[in-house]
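Here's a quick briefing to read with the model open beside you. Grab your viewer and follow along.

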Amino acid sequence: MDVLSDVVSAARTGRPHSGRVTRSAPFALRSPAMPSAGFHIVLQGTCWLLPAQGEPIALAPGDVAFLPRGSAHGLADDPSTPVGGPPTTITGVQDGREDEPSADRPPTVVMLCGAYLLDGSGPHPLLNDLPEVIHLPTRVGRHSELRAAIELLGVELDNDARPGSDTILLTLLDLLLLYILRAWFEQQRVSGHSATGWAAALHDPAVAAALRSIHEDPSRPWTVEELGSQARLSRAAFARRFTHLVGQPPLTYLTWWRMTTAARLLRTSDAPVNTIAQQVGYSSQYTFTHAFKRQYGSPPGSYRHHAG
């Protein structure tokens, strides 16, 4: 599995939710901070995203707004519209439609809104590198895969009684998340804003090769020299480059990813702890338990109990 797919798989918990939301002016909704990554996609009309910090963001048809850490925010027909009423949580949107009855007012905006529940116990640094709000304006000829996923998701939400719809919705939501992240990293690369951090790491041939090796075989007893050879760099040059872009030394990241993989296996499988330890490169369950507790604050058994 590639690095971005691995990161999303490790971070996701539970079932994502999405729905088609229609609102007529005047409206102003507020969403509190949530342990989820939320998105708003404008299908028709216009509205404004109101971040807790920063200036309002105008959203036009086709625009995507993604909040990777579930930051508090608002949605309104106009920044000057007073925000009132109880908070609305994106995770409360159920698959389908959430229409506001309005016999005498045409809809101001029609949106696809949704959320992905995330494991907050150890977020991947790739996700931490993202801004509080990602805005992907619609542009002709850009992000065609993302636009196709949005169109298919809208069709399924309008016809959710058809056979297979439940599985199709979940698959499309997984695709949507990956396409949003891919579009953002590509946008950063094209704009020249990816000199450091994960946006640069994923597009750096040497560092990306080492990351792929770690993610494809985390149980292998990698050394810095071996990873450097995967990147076609000397040990010292590779270590400097990897640390500069990823934010931690190669073997530190390897250990972190092993524990992150182990946490996902503890949440999603019934495999014994010693089996999981071996899957992530530990022949000693004692050594594995010590490393896991250092990262997550509790031994594997307790983590699995509370995660379930």
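What follows is a short tour of pockets, cores, strands and helices.

Keep in mind that this is a predicted model. The main things to look at are a largest pocket with about 340 Å³ of space, a largest nonpolar core of 53 residues, and helix H1 (3-11), which is mostly covered.

**Largest pocket**

- About 340 Å³ of space sits in this pocket, and 14 residues line it.
- To find its centre, go to Asp-2, Val-3, Leu-4, Arg-182 and Leu-202, the lining residues that lie nearest to it.
- Three helices each put at least two residues into the lining: H1 (3-11), H4 (165-191) and H6 (205-216).
- H4 has the largest share of that lining, with six residues.
- Sorted by class, the lining holds eight nonpolar, two polar and four charged residues.

**Second largest pocket**

- The second largest pocket has about 240 Å³ of space.
- Its lining is made of 22 residues, and Leu-118, Asp-119, Gly-120, Pro-123 and Leu-127 are the closest to the centre.
- H1, helix H2 (125-128) and helix H9 (250-268) are the elements that each give two or more residues to this lining.
- H9 gives the most here, with five residues.
- The class breakdown for this second lining is twelve nonpolar, six polar and four charged residues.

**Nonpolar cores**

- The largest core counts 53 residues, and the ones with the most contacts inside it are Leu-176, Leu-211 and Tyr-253.
- H4 turns up again here: ten residues of this core come from H4, the largest share.
- Zoom in on Leu-211 and, leaving aside residues up to four places away in sequence, you'll find it touching Val-3, Trp-198, Ala-201, Phe-242, Val-246 and Tyr-253.
- There's also a second, separate core of 16 residues, with Met-259, Ala-277, Val-280 and Tyr-303 among them.

**Helix H1**

- Eight of the nine residues in H1 are buried.
- Those buried residues are Val-3, Leu-4, Ser-5, Asp-6, Val-7, Val-8, Ala-10 and Ala-11.
- The cover over them includes strand S9, along with H2, H4, helix H5 (198-201), H6 and H9.

**Strand S3 and its partners**

- Strand S3 (residues 36-45) is mostly covered too, with seven of its ten residues buried.
- S3 pairs with strand S9 (residues 109-117) in the antiparallel sense, over nine bridges.
- If you want a spot to check that pairing, Ser-36 stands opposite Leu-117 in S9.
- S3 also runs antiparallel to strand S6 (residues 64-67), and four bridges join the two.
- In S6, Val-64 is the bridge partner of Ile-41.

**Arg-240**

- Arg-240 is found in helix H8 (residues 235-246).
- Is Arg-240 buried or exposed? It counts as exposed because its relative accessible area is 58%, and the cut-off for exposed is over 50%.
- Pro-250 comes ten residues apart from Arg-240 along the chain, and their C-alpha atoms are separated by 9.4 Å.

How values were computed
Residues numbered from 1 in each chain as written. Predicted model: local features only at pLDDT ≥ 70, side-chain atom pairs only at ≥ 80, totals over all residues. Heavy atoms only, no water. 1 Å grid on protein atoms, 1.4 Å probe; cavity = no way out; pocket = protein on both sides within 12 Å on 5 of 7 lines; lining within 4 Å. Points joined across faces, edges and corners; volume = space filled by probe spheres on them. Nonpolar A, V, L, I, M, F, W, Y, C, P; charged D, E, K, R; others polar. Buried < 20%, exposed > 50% of the residue type's maximum accessible area, 1.4 Å probe, protein only. Pairing = 2+ DSSP bridges. Core = buried A, V, L, I, M, F, W, Y, C linked by side-chain atoms within 4.5 Å. Contact = heavy atoms within 4.5 Å.
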